[in-house]
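Keep the viewer open as you read.

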Amino acid sequence: MRQLLSRTAGLSREDKGLLCGLPIFVLTVLAGWVVWRLTADLDSIEARLITAGNITQMTWDHVQIVVVSSVLVVGLAVPLGTLLTRPALRFFSPPVMAVANAGQAAPVIGVLVLLALIIGFGFGTAVLALSLYAFLPVLANTITGMRGVDQAVVEAARGMGMSSWQVLLRVELPMALPVIMTGVRTSLVLLVGAGAFATFIDAGGLGTLIQTGIIMFRYPILVSGAIFVALLALMVEWVGRILELFLKPKGLA
Amino acid sequence: MNQTTATAPDGSGAQLELVDVVKKYPGQSRPAVDGLSLTVPAGQTVMFVGPSGCGKTTSLKMINRLIEPTSGQILIDGEDITGQDATQLRRSIGYVIQGGGLLPHMSVAENIGLVPGLLGWDKARTKGRVEELLEMVGLDPAVYRDRFPRELSGGQQQRVGVARGLAADPPVILMDEPFGAVDPITRQRLQDELMSIQEELQKTIVCVTHDIDEAIKLGDQILILREGAEIAQYGAPEEILAAPADDFVADFIGSGSKLKQLSLLRVGDLPLSQPQTCRVGESVDEVVRRVEAAGERSVVILDAQNRPKEYLFLRSLKRHQTVPVFSHELQTVVDQRSTLSDALDAMLVSSHGGAMVTGGSRGDYLGVISYDTVTEHIRTLQTQTGQIRAVPSAGWEAS
């Protein structure tokens, strides 16, 4: 905790506010929803679907989809972005960026369903489709972050006798990390939102509540689903901010 | 600074030789460096100067192969380095750049310990070396070890940059405009410090600068280059100032070259006056009595380590009971190795017509150099020789 406090020292008031405010807001809304659930007059279908066990299960499915997709995205986009900033491969970056742009521009639901028709329904397909969708922010920020590293510092590091790998791992990546992490945070939030579509291809998640609510004209179910997706997105955003704080190299402003 | 290598300490400089070194960039008709040949004797400081675009930085960077030479040989201690592994080579050559070039996400200790770490030194040895170097460049290890570059002033960053260049005790050190990014007073002080470090270590230093005064002050040899890194003149500062090879060199060193010879004269060459001094913590009444008895109006204040802290008129001191501690940076202190032109700069900001002079690695107080002494000295030199003549630099070592 003390380390956390010392790390927040350089943050703007807005950032500090979000850091404390987000969990408080999420807990307040959650408490409000619990009170509503305990007091509301629900019919049997609603009562059967909106249970703590059900929602925990769906949230867990949702989180799994998001985590696996984001690991895939970070694991592929950061190395790819890094490669595209190497002098020998720089010329290759416009076409790759175009593909990544297309990936984000294509309607995620369309990609999801098409992929499901081609390679089958389920968790794996959902993760693949969502990864395509959330790839661009991490890739773009990796490229921007790496290009933003002061070349004088890189040359100094080479002049000290660091090998290319050492320069990359010990100088360029740490210095680009804050920009990369911002991209990761954006991707995480996109993934939580888009993860609601996973239910269409039988991959579970909180989208199930929303879809069921719509089909059965049960607004309490629909709204509960929407609330939980939103709360999850906020919590993921918060976790992203915490990660950013801890991963950012200390000496950077 | 040194004439012999026989007395050189361990880890001192190696001879550096460039043989017909060429750098040609594709798509350019003229080579950036067109057949540069040069020998730098071991333990000497050579300053590369010239107009921008003359190839001086390119030449420097070819020595540690940040830029690969197109052809030619570069020999360190007689060994051709153009075929060596570039990464390994760079670990054995010190590199100091403008602004320090510190890695912003690493602490001062990590920055200095970088090359020793790459060379696989154990932790304890690296730590000891870092402390030693911080002391050497005048930064208290306890205060600065764990700071990050952005928490340091420009001058402090540059000091750390110099310490990092020295870290693995390389025989050859390359400096690229090392003091170009700091203010004039800090620059002067850093130059003085570098000179005292170099006096002790006797490295082979190649330093690029655009500042001819810096070249005259720091260089044992000066290499003046014109476009294509063609040598316009290579020689000791005294020789170049006394006999510029051609109009290009004459224009480059400037019309004030007679005055520039002030950069060859060291403060330590001149007699110092010894005004009254007092220590921090002494009773002001006593100090005033003593100074007035000596018929003086101002007093030099020294701390317990015998370093000058302030040069005050008695009337300013009388406001205090005991002599207070002054912690601000003094601009009116020069090292005995400083040039007369630096000393004149310091005098301009002094209200006493004189600058305090320090010596040794800890900055011990030696006395005060006054404006009158300097002008008197210049006048005698002029009447003696008809122009200002350089005093051999060995003169101040003996004094």
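This is a predicted model: local features need pLDDT of at least 70, side-chain atom pairs count only at pLDDT 80 or more; totals for chains, interfaces and linings use all residues.

If you set aside its neighbours within four places in sequence, B:Leu174 is in contact with B:Leu60, B:Ile63, B:Asn64, B:Ile93, B:Gly94, B:Tyr95, B:Val96 and B:Val206. Two of these names, B:Ile93 and B:Gly94, will come back when we reach the cavities.

Next, zoom out to chain B. Its domain assignment gives domain 1 (16-255) and domain 2 (268-383). The C-alpha centres of these domains lie 34 Å apart, and eight residues of domain 1 of chain B are in contact with 10 residues of domain 2 of chain B.

Both domains also take part in the largest pocket, whose lining draws at least three residues from each of them. This pocket has a volume of about 1500 Å³. Its lining has 43 residues, and B:Gly138, B:Arg159, B:Glu193, B:Arg307 and B:Arg362 lie nearest its centre. Which elements of chain B supply at least two residues each of this lining? They are α5 (123-136), α6 (141-144), α7 (154-166), α8 (184-201), β13 (308-313) and β14 (333-335). The largest share, eight residues, comes from α8(B). By class, the lining of the largest pocket has 14 nonpolar, 14 polar and 15 charged residues.

The second largest pocket holds about 600 Å³ of space. Of the 25 residues that line it, A:Arg86, A:Pro87, A:Ser164, A:Leu168 and A:Glu172 lie nearest its centre. Two or more residues of this lining come from each of α4 (52-84), α7 (123-147), α8 (151-160) and α9 of chain A, together with α2 (86-91) of chain B. The lining residues divide into 12 nonpolar, six polar and seven charged.

Rolling a probe the size of a water molecule over the atoms shows where empty space is left. A search of the whole structure finds four cavities of 30 Å³ or more. The largest cavity has a volume of about 70 Å³ and is lined by 14 residues, of which B:Ile93, B:Gly94, B:Val115, B:Arg164 and B:Gly165 lie nearest its centre. At least two residues of this lining come from each of α8 of chain A and α2, β6 (93-97) and α7 of chain B. Its lining divides into eight nonpolar, three polar and three charged residues.

In the second largest cavity lies about 50 Å³ of space. B:Val137, B:Arg159, B:Val162, B:Phe179, B:Leu190, B:Glu193, B:Leu194 and B:Ile197 line this cavity, and α7 and α8 of chain B are the elements that give two or more residues to the lining. Here α8(B) again has the largest share, with four residues. Sorted by class, the lining of this cavity has six nonpolar, no polar and two charged residues.

Technical notes: Residues are numbered from 1 along each chain as its sequence is written. Chains are lettered from A and ligands numbered from 1 in the order in which they are written. Side-chain values use heavy atoms; hydrogens and water are left out. Contact means heavy atoms within 4.5 Å. On a 1 Å grid over the protein atoms alone, a cavity is a set of points where a 1.4 Å probe fits but cannot get out, and a pocket is an open set with protein on both sides within 12 Å along at least five of seven lines; lining residues have an atom within 4 Å of a point. Grid points are joined across faces, edges and corners, and a volume is the space filled by probe spheres set on the points. Ala, Val, Leu, Ile, Met, Phe, Trp, Tyr, Cys and Pro count as nonpolar, Asp, Glu, Lys and Arg as charged, and the others, Gly among them, as polar. Domain bounds come from an automatic or database domain assignment.
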